[in-house]
Amino acid sequence: MARDLRGFIKILEERGQLRRISAIVDPDLEIAEISNRMLQKGGPGLLFENVKGASFPVAVNLLGTVERICWAMNMQHPQELEELGKKLAMLQQPKPPKKISQAVEFGKVLFDVLKAKPGRDFFPACQQVVIQGDELDFNKLPLIRPYPGDAGKIITLGLVITRDCETGTPNVGVYRLQLQSKNTMTVHWLSVRGGARHLRKAAERGKKLEVAIALGVDPLIIMAAATPIPVDLSEWLFAGLYGGSGVQLAKCKTVDLEVPADSEFVLEGTITPGEILPDGPFGDHMGYYGGVEDSPLIRFHCMTHRKDPIYLTTFSGRPPKEEAMMAIALNRIYTPILRQQVSEIVDFFLPMEALSYKAAIISIDKSYPGQARRAALAFWSALPQFTYTKFVIVVDKDINIRDPRQVVWAISSKVDPTRDVFILPNTPFDSLDFASEKIGLGGRMGIDATTKIPPETEHEWGAPLESDPEVAAMVERRWAEYGLGDLQLGEVDPNLFGYDVR
């Protein structure tokens with residue numbers, strides 16, 4: 001399995017999922033325009049080898065399909081991600097084993113944790129070249145500007161690494177950074193994120209916060225850093241669990257932080273509490289430009305990189321984008337964790353078109369009245385990332401929640417709006433959601449699209465239409481006899497039924 005960016009690029013190329021572009025391209029708008037067209041069609045990853053104003057190639061769209069994300073995690077199918085989720089669920093809420101087989105299974109997970117412990121590389125590739133002082137100039141990096149209304153150049157897929165000055169615990173997050181000068185950037189993070197908490201603690205103690213940005217890392221580590229589940233494990237350990245072996249770390253040159261040893265670039269600097277600059281606007285995952293926010297300023301004093309480094313980037317926007325593909329994969333990982341938190345949930349799905357978290361469809365094994373409402377309320381509080389989910393649709397377990405036609409049928413046939421729709425007003429909300437009347441405060445809607453049972457309804461529910469099983473079996477046997485053997489009734493093109501899906 002590839003454990004660095006270069007190894008992953010090699011895998012993509014060997015599998016016909018990478019295109020090298022030798023024509024000169026501009027990192028200002030042009031790279032994003034080309035990549036966006038590929039993303040819309042599920043096209044291959046791109047490696048731009050001749051970037052205007054820079055001597056480094058740019059890789060983009062490497063994680064532009066769920067299939068490639070599975071490859072990054074040494075898997076072939078999205079369903080395999082649920083096995084990883086089961087491991088994390090066992091670590092999050094371990095239960096006393098009732099059977100020998102359960103004890104053995106838990107022992108295997110603990111062994112995986114031991115294997116996942118990070119190692120140390122004393123001669124890291126990421127420090128083959130060291131640049132400090134006046135020579136440090138980020139204008140030489142091929143930072144992209146995705147949209148014409150964006151405030152400037154940005155870093156999007158950098159691991160932002162900080163440390164809690166009280167406990168020494170590191171945090172690894174993926175935050176947007178805006179270039180402000182040749183050696184300064186603002187970092188855009190929400191107040192609940194680990195980096196923001198570390199900055200507040202540093203401010204209370206009158207200290208600067210040390211920061212390292214690792215660029216061009218193993219995509220598997222990016223997935224680990226983007227997994228905001230409440231387990232008391234470091235992102236490095238997560239990455240080791242994801243990959244099956246520990247991440248090799250290296251000590252930074254000028255700050256007391258560790259970074260992946262095979263990073264393509266590492267930027268080292270500090271934040272002085274209270275030192276801020278306007279950040280934004282930028283195109284965001286909602287499909288609109290965000291606002292301008294005063295954000296912490298990072299002053300960098302050192303950059304290290306590999307020989308002939310590759311710059312990895314991406315950008316946000318209305319799906320499909322790479323972040324949406326990552327969310328689909330994380331959806332699979334969350335599923336066993338969510339089942340453990342809310343026992344009646346059979347499955348759940350976060351549709352990409354709903355910005356990966358704004359709407360959730362969950363199926364339950366319904367056994368008592370009011371259970372759908374309970375499941376929706378439990379979902380909102382089960383994991384932190386569901387705090388900003390606006391709509392929760394609950395259906396019966398026999399509904400395929402990944403088929404929008406079945407979900408629309410369930411809503412249309414099983415929902416009475418006065419009885420089955422409930423709204424929670426004025427709840428804490430995503431500041432990027434312009435649909436809210438007040439920024440940062442919004443409502444949530446639950447929809448019970450399950451079959452109703454007394455006392456939810458005062459009348460009998462109609463019996464569902466089903467084929468006669470004996471006749472169905474006979475037709476199956478005689479299918480070729482009818483002269484229809486050449487017709488394979490598999491997946492149906494939705495456009496045959498009035499949809500316009502391109």
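Rings of Phe, Tyr and Trp (its six-membered ring) pair if their centres lie within 6.5 Å; planes under 30 degrees apart count as stacked, over 60 as edge-to-face and the rest as tilted. By that rule, the whole structure holds 15 aromatic pairs, and the tour begins with one of them.

Before you click, two notes on the model. This is a predicted model, in which local features need pLDDT of at least 70, side-chain atom pairs count only at pLDDT 80 or more, and totals for chains, interfaces and linings use all residues. Residues are numbered from 1 along each chain as its sequence is written, and side-chain values use heavy atoms, with hydrogens and water left out.

**Stop 1: an aromatic pair**

Select tyrosine 175 and tryptophan 189. Their ring centres are 5.4 Å apart and the planes stand at 85 degrees, so this pair is edge-to-face. Tyrosine 175 is in the loop between strand S8 (170–174) and strand S9 (176–181), while tryptophan 189 is in the loop between strand S10 (184–188) and helix H6 (194–204), so the pair ties together parts 14 residues apart in sequence. Helices (H or I, at least four residues) and strands (E, at least two) are DSSP runs, numbered from the N terminus.

Are these two residues buried or exposed? Tyrosine 175 is buried, at 8% relative accessible area, and tryptophan 189 is buried too, at 11%. Here buried means under 20% relative accessible area, exposed over 50%, and partly exposed in between (1.4 Å probe, protein chains only).

**Stop 2: an aromatic cluster**

Now select phenylalanine 348 and phenylalanine 386. The ring centres are 5.6 Å apart with planes at 75 degrees, so this pair is edge-to-face as well. Phenylalanine 348 belongs to strand S17 (residues 345–349) and phenylalanine 386 to the loop between helix H10 (371–382) and strand S19 (391–396), so the contact ties together parts 38 residues apart in sequence. Phenylalanine 348 is buried at 0% relative accessibility, and phenylalanine 386 is buried at 0%.

Colour residues 325–449 next. UniProt, in an unreviewed entry, annotates them as "domain: 3-octaprenyl-4-hydroxybenzoate carboxy-lyase-like C-terminal". UniProt positions are given in the numbering used here, feature names are shortened, and annotations may be inferred rather than shown by experiment. Over residues 325–449 the chain is 35% helix and 27% strand, with the end C-alpha atoms 27 Å apart.

**Stop 3: salt bridges**

How many salt bridges does a search of the whole structure find? The search finds 32, where a salt bridge is a side-chain nitrogen of Lys or Arg within 4 Å of a carboxyl oxygen of Asp or Glu.

Select glutamate 258 and arginine 120, a salt bridge whose closest N and O atoms are 2.2 Å apart. Glutamate 258 lies in strand S13 (residues 258–260) and arginine 120 in strand S4 (residues 119–120), so the bridge ties together parts 138 residues apart in sequence. Glutamate 258 is partly exposed at 23%, and arginine 120 is partly exposed at 37%.

Move on to aspartate 433 and lysine 390, whose side chains meet in a salt bridge (3.3 Å, N to O). Aspartate 433 is in the loop between strand S20 (421–428) and strand S21 (441–449), and lysine 390 is in the loop between H10 and S19, so parts 43 residues apart in sequence are tied together. Aspartate 433 is buried at 1% relative accessible area, and lysine 390 is buried at 17%.

For a network, select Asp164, Glu166, Lys201, Glu204 and Arg205, which are linked by salt bridges.

**Stop 4: the N-terminal domain**

Colour residues 9–88, where UniProt (unreviewed entry) places "domain: 3-octaprenyl-4-hydroxybenzoate carboxy-lyase-like N-terminal". This stretch is 41% helix and 14% strand, and its end C-alpha atoms are 28 Å apart. Select arginine 15 and tryptophan 71: the charged end of arginine 15 sits over the ring of tryptophan 71, 4.7 Å from the ring centre. The rule for such a contact is NZ of Lys or CZ of Arg within 6 Å of the ring centre and within 35 degrees of the ring normal.

**Stop 5: glycine 42**

Glycine 42 is in the loop between helix H2 (30–40) and strand S2 (45–48), and is partly exposed at 39% relative accessibility.
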